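This text leads through a structure one region at a time. Please keep the sequence and the 3D view at hand while reading.

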Amino acid sequence: MSTEVIKIDPDNPEFEVVEKAASFIRQGKLVAIPTETVYGIAADYAHPQAVKRLYEIKGRPLDKPFTVAIAFQDSMERLAIGLSPLVYKLADKFWPGPLTMVLKSPDNKTIGLRMPNSRVALRIIEASGVDVVLPSANLSGDRPAVSAAEVLSALDGKIDLLLDAGKVELGVESTVVDLTVSPLKILREGALKKEELDKAVLLKRVLFVCTGNSCRSVMAEGLLKKALAKAGRSDVEVFSCGTSAFNGLMPSPETLELLAKEGITMPDKRARRLDKTLLKSSDIILAMERYHEERILDFVPEVKNRVFLLKEFVKMRDSAPDISDPISQGRDFYEKTFYAIKEAINKIVDLI
């Protein structure tokens with residue numbers, strides 16, 4: 001029997017087609033779908049017969065596990081353990097995209113995870129409601145298929161459904177990195193080049209946290225970016241957020257004015273509420289007040305060894321370890337706050 005073929009719009013996948021593919025996967029059937037790299041064969045990771053059939057069709061050795069494709073970063077924490085800041089950093093930077101990360105699984109083995117940069121793939125994975133393995137749609141050892149015609153040439157009658165979205169964007173398999181070892185090991189260089197990975201690995205991420213992400217943490221972010229640029233440092237990323245921020249709000253006028261006097265402009269800066277990925281991907285987290293430190297640790301306890309009060313981190317000899325909120329406190333208080341933060345930032349560059 002021939003494989004059923006249905007065309008699908010890669011930019012606006014039709015709901016009915018997505019639901020049919022998801023239903024097939026839940027039933028233990030094999031569905032070839034496009035990603036941005038190559039076409040893959042989707043199957044239910046927890047369906048023994050589907051996985052067995054997939055191994056047989058591809059002619060793949062049983063000791064070579066399949067990569068699991070995910071639609072949300074939260075799935076990573078359910079499927080893998082012992083996740084380092086580097087894992088979150090790479091996920092934040094390259095997902096969705098052509099990066100497969102090999103991580104430690106809860107059964108003390110390993111598991112490869114990838115979030116494809118394809119609307120078709122992501123919507124089918126989400127709609128299926130199961131964990132989806134997604135190896136390339138070809139016989140083991142053959143060149144991966146980059147079009148529906150190539151999938152049919154190798155697998156017609158062997159799989160149940162093929163979604164034809166035309167030729168894929170990249171045409172090269174994902175890069176596979178082993179993060180169960182340190183330093184990480186590139187197992188296969190694909191669409192994501194070694195130079196890009198090396199640069200991301202070397203980047204240190206510093207996160208400033210205040211309440212609304214409209215004044216103190218924004219001041220610190222702007223000042224540190226300027227100090228790093230002056231020092232010729234390109235190995236540090238700087239972010240800021242707020243424990244109670246309203247996403248999308250602009251910094252306060254007073255903050256922008258004080259930064260402008262230092263030659264710092266932040267036209268695109270908008271408030272960002274504290275989130276787990278940002279915390280877990282940061283190497284150093286600097287809070288303005290003890291209250292912020294407590295909120296961070298209540299939210300994500302595992303970052304305990306990376307959270308500091310800004311003043312304590314730079315060992316400022318000050319009777320008050322907190323940097324108080326200047327909102328509604330007047331111009332003089334704003335300036336006092338700004339220069340306290342500037343004093344701390346001047347010491348940070350040599351510490352990170």
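**Helices, sheet and a buried helix**

Helix α8 (residues 216–230) packs against helix α13 (residues 331–348) at an angle of about 40°, and their axes are 9 Å apart. The model is a predicted one. Angles under 35 degrees count as roughly parallel and those from 65 to 115 as roughly perpendicular; α8 and α13 are therefore oblique to each other. The crossing of α8 past α13 is right-handed. On the α8 side, the contact is made by R216, M219, A220, L223, L224 and A227, and on the α13 side by Y334, T337, F338, I341, K342, I345 and I348. By class, the residues of this contact are 10 nonpolar, 1 polar and 2 charged. An α-helix has 3.6 residues a turn, so residues three or four places apart point the same way.

The next topic is a sheet. Strands of a sheet pair through backbone hydrogen bonds, either parallel or antiparallel. Here 4 strands make up an open sheet in the order β12-β11-β13-β14, with parallel pairing. At its edges are β12 (236–242) and β14 (307–309), each of which pairs on one side only. On average, neighbouring strands of this sheet are turned by 25° against each other, direction ignored. Strand β11 (residues 204–210) is joined to β12 by 7 bridges in the parallel sense, and L207 stands opposite F239 in β12. Helix α11 (residues 290–299) lies across β11, β13 (284–287) and β14, and runs at about 170° to β14.

Other strands pair around β8. Strand β1 (residues 4–7) runs parallel to β8 and is joined to it by 4 bridges; I6 stands opposite L163 in β8. β2 also pairs with β8 in the parallel sense, over 2 bridges. V31 stands opposite L161 in β8, and A32 has L162 of β8 as its bridge partner.

β2 has a further partner in strand β3 (residues 39–44), with which it pairs in the antiparallel sense over 4 bridges. These two strands, β2 and β3, form a hairpin with 4 residues between them, and A32 stands opposite I41 in β3.

Which way do the residues of β2 and β8 point? In a regular strand the side chains alternate between the two faces of the sheet. From β2, V31 and I33 point one way while A32 and P34 point the other way, and all are buried. From β8, L161 and L163 point one way and L162 and D164 the other way, again with all of them buried.

Helix α5 (residues 119–128) has V120, A121, L122, I124, I125 and S128 as its buried residues. What covers these buried residues of α5? The cover includes α1 (15–26), β2 (31–34), β4 (68–69), β7 (132–133) and β8 (161–164).

Is S128 buried or exposed? Buried means under 20% relative accessible area, and S128 counts as buried because its relative accessibility is 2%. Leaving aside its neighbours within four places in sequence, S128 is in contact with A22, I25 and R26. Just after α5 comes G129, which takes a positive phi of about 70°.

Note on methods. Residues are numbered from 1 along each chain as its sequence is written. This is a predicted model: local features need pLDDT of at least 70, side-chain atom pairs count only at pLDDT 80 or more; totals for chains, interfaces and linings use all residues. Side-chain values use heavy atoms; hydrogens and water are left out. Buried means under 20% relative accessible area, exposed over 50%, partly exposed in between (1.4 Å probe, protein chains only). Contact means heavy atoms within 4.5 Å. Two strands pair if DSSP finds at least two bridges between them. Axes are lines fitted to C-alpha atoms, for helices over the stretch in contact, and angles run from 0 to 180 degrees between N-to-C directions. Angles under 35 degrees count as roughly parallel, over 145 as roughly antiparallel, 65 to 115 as roughly perpendicular and the rest as oblique. A crossing is left-handed if the near helix is turned anticlockwise from the far one by less than a right angle, and right-handed if clockwise. Ala, Val, Leu, Ile, Met, Phe, Trp, Tyr, Cys and Pro count as nonpolar, Asp, Glu, Lys and Arg as charged, and the others, Gly among them, as polar.
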